[in-house]
Amino acid sequence: MGELKRFVLRLTARSPLLIGDRRADTQYTESLDHIPGSRLRAAFARAILSDCPLFDPAEARDGRRWWVVYQGRPECEGCPWATWCRQFEEIRFTQATPGGARILPLTAMGCKVDCGRSGVMDTLLRRLAWQQRLRERPDEDWQPPRFNCVCGGRLENRGGWYDPRAARPVSGPRRQAFTRLMIDPIRGAAAQGQLYTLLPIAPGAEFTAQVEAPAPPPCAELRVGARTTTGWGRCAVVVTEADESEDVGERIGRFQAALEAARQAAGLGPARDVYLALTLLSPALVGPLPDGSPAQLGAAESRAILAAALGLDRLFPGAELAHAFTGYEVKGGWRLSDGGWAESRHYLVAGSVLVLRLRPGDAGELAERCARAERLGIGERTEDGFGQVEVCASYHVSEAVR
Ligand SMILES: [Zn+2]
Ligand SMILES: [Zn+2]
C-alpha cells in the first residue's frame with residue numbers, strides 16, 4: 001500500500017454545475033456555492049468505474065451503484081487508476097471552495113448601513129475577553145460589548161467567503177438560471193403549466209480542494225454533481241503537489257498575544273492558560289450525543305458533551321471547551337428520493353468557532369497536535385471533508401475589531 005501524499009486539485013467548470021440534489025417539494029433549486037468532499041469522492045468513483053472494463057453498472061452493491069472495489073484481476077495490471085482503486089477508502093478529500101476562498105467565521109461582522117469606511121471585521125477576541133471577564137469577576141456588573149462601525153452605525157453578522165491571503169471578502173460563484181417543464185411522475189408527460197427553476201453554477205467558475213492520495217489522479221476531466229448525463233458538471237482538473245502548510249506554532253503565539261491585549265482592554269490581567277481557537281472551514285458532523293434533553297444541562301456541561309462528541313478530548317487531552325460560537329443543523333429523516341429513512345444527525349455549521357483552554361505545556365507538542373487537527377479534521381466523516389479546522393486563524397487577529 002502506498003503512503004498518502006497531499007495534492008491540490010483545481011477544478012474549472014466547463015458546463016453548468018449543480019451541487020446538491022433537487023428537492024421534490026420545491027420548484028426552485030440553487031446549487032451549493034462549494035463542492036463537499038463527499039461529492040468529489042462520488043465524482044472520482046464515477047470516473048474510475050466508467051473507465052473500468054470489469055465494472056457492470058447493473059451489478060449494484062447495497063444500492064450504491066458507483067462503489068469502487070479493487071478486484072485485482074489481470075485487467076487491473078496497467079490500469080492508470082489501480083493505485084487509487086486499491087486504496088479508495090483511505091483517500092481523503094477536503095471540500096472544494098470557490099477560488100480557494102475560506103468561509104467567514106460566525107464572529108465576522110460588517111457595517112449595517114454599508115458605509116464603506118470599514119470592511120468586514122472579526123469580533124472573536126473582544127467576545128472572548130468579555131466572556132472571560134464575566135467568569136473571572138462574576139460579582140461585577142459588566143455590559144456586553146457594543147460592536148459599532150467607525151461611522152457610528154451598528155455592526156451586523158456577515159457570512160460568505162474571504163480570500164485568506166488578502167483577508168478580504170470575495171463573492172461566491174455566479175449562478176445561471178434554467179427553467180424547465182415539470183414532468184408528471186405518474187403520467188410521464190409534462191405537467192400542465194408547471195415550471196421549475198434550476199440555478200447551477202455558471203461555467204468558468206474555479207474551485208480548489210486538497211486530496212490525500214497515493215498518487216495524483218490520472219485524469220484531466222471530472223463530472224461533478226447532478227445531471228451529469230445531460231452534460232452538466234464537466235470540470236477540467238489540474239493537479240499539483242500541496243505546499244507544506246505554514247507553521248501553526250507561530251499562529252498560536254500571535255493569537256495568545258492578541259487575546260492578552262483584548263483582555264487588557266477589558267481590564268483583565270494576563271491569562272494563565274493557553275487558548276486555541278478552532279475555526280470550522282466546513283460543517284462538522286457531531287458524533288452520537290447522549291439521550292435526554294440538553295435543556296437540563298448547564299452551559300459548561302453541554303460544552304463538555306459537545307467536545308467529547310467531536311473527539312476533542314482525544315485530540316487535546318485535558319483541554320476544556322471554554323467558549324463556543326456555533327450554529328447547528330439537523331439533517332436526516334425521510335428521504336424524498338426513495339422514501340428511505342436516514343438517521344438524523346447534528347452538524348455544526350461552517351464558520352463556527354470553538355475555543356479550547358489548556359494548561360501551558362510543551363509548545364512543540366501542542367503545535368504538532370494542532371497540525372494534526374488541521375490535517376485530519378474534527379468530528380466524523382472527516383475523510384469526506386467534514387470538520388476541517390484552522391487553528392488560531394490569522395483572520396481573528398488581523399481583522400479584529402478595535
Ligand atoms: Zn480498474
Ligand atoms: Zn459604517
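Guide: A salt bridge is a side-chain nitrogen of Lys or Arg within 4 Å of a carboxyl oxygen of Asp or Glu. This is a predicted model, where local features need pLDDT of at least 70, side-chain atom pairs count only at pLDDT 80 or more, and totals for chains, interfaces and linings use all residues. Residues are numbered from 1 along each chain as its sequence is written.

Visitor: Why is the pair D384 and R41 called a salt bridge?

Guide: The closest N and O atoms of D384 and R41 are 2.5 Å apart. The cut-off is 4 Å, so the pair qualifies. Across the interface of domain 1 and domain 2, the rule finds two salt bridges.

Visitor: What makes domain 1 and domain 2 separate entries?

Guide: The bounds come from an automatic or database domain assignment. Domain 1 is 5–100 + 173–241, and domain 2 is 248–398. Their contact (heavy atoms within 4.5 Å) takes 12 residues from domain 1 and 11 residues from domain 2.

Visitor: How do you know what area is buried between domain 1 and domain 2?

Guide: Buried area is the accessible area (1.4 Å probe) that two parts lose on being put together, summed over both. Here that is about 950 Å², with carbon and sulfur atoms giving 41%. In domain 1, S38, R92 and Q95 lose the most area to domain 2, together 47% of what that side buries.

Visitor: How many residue pairs are in polar contact across the interface of domain 1 and domain 2?

Guide: The rule finds 11, with both residues at pLDDT 80 or more. A polar contact is a pair of N or O atoms within 3.5 Å; within protein, one must be able to donate a hydrogen and the other to accept it, and residues adjacent in sequence count only if both atoms are side-chain atoms.

Key:
Chains are lettered from A and ligands numbered from 1 in the order in which they are written. Side-chain values use heavy atoms; hydrogens and water are left out.
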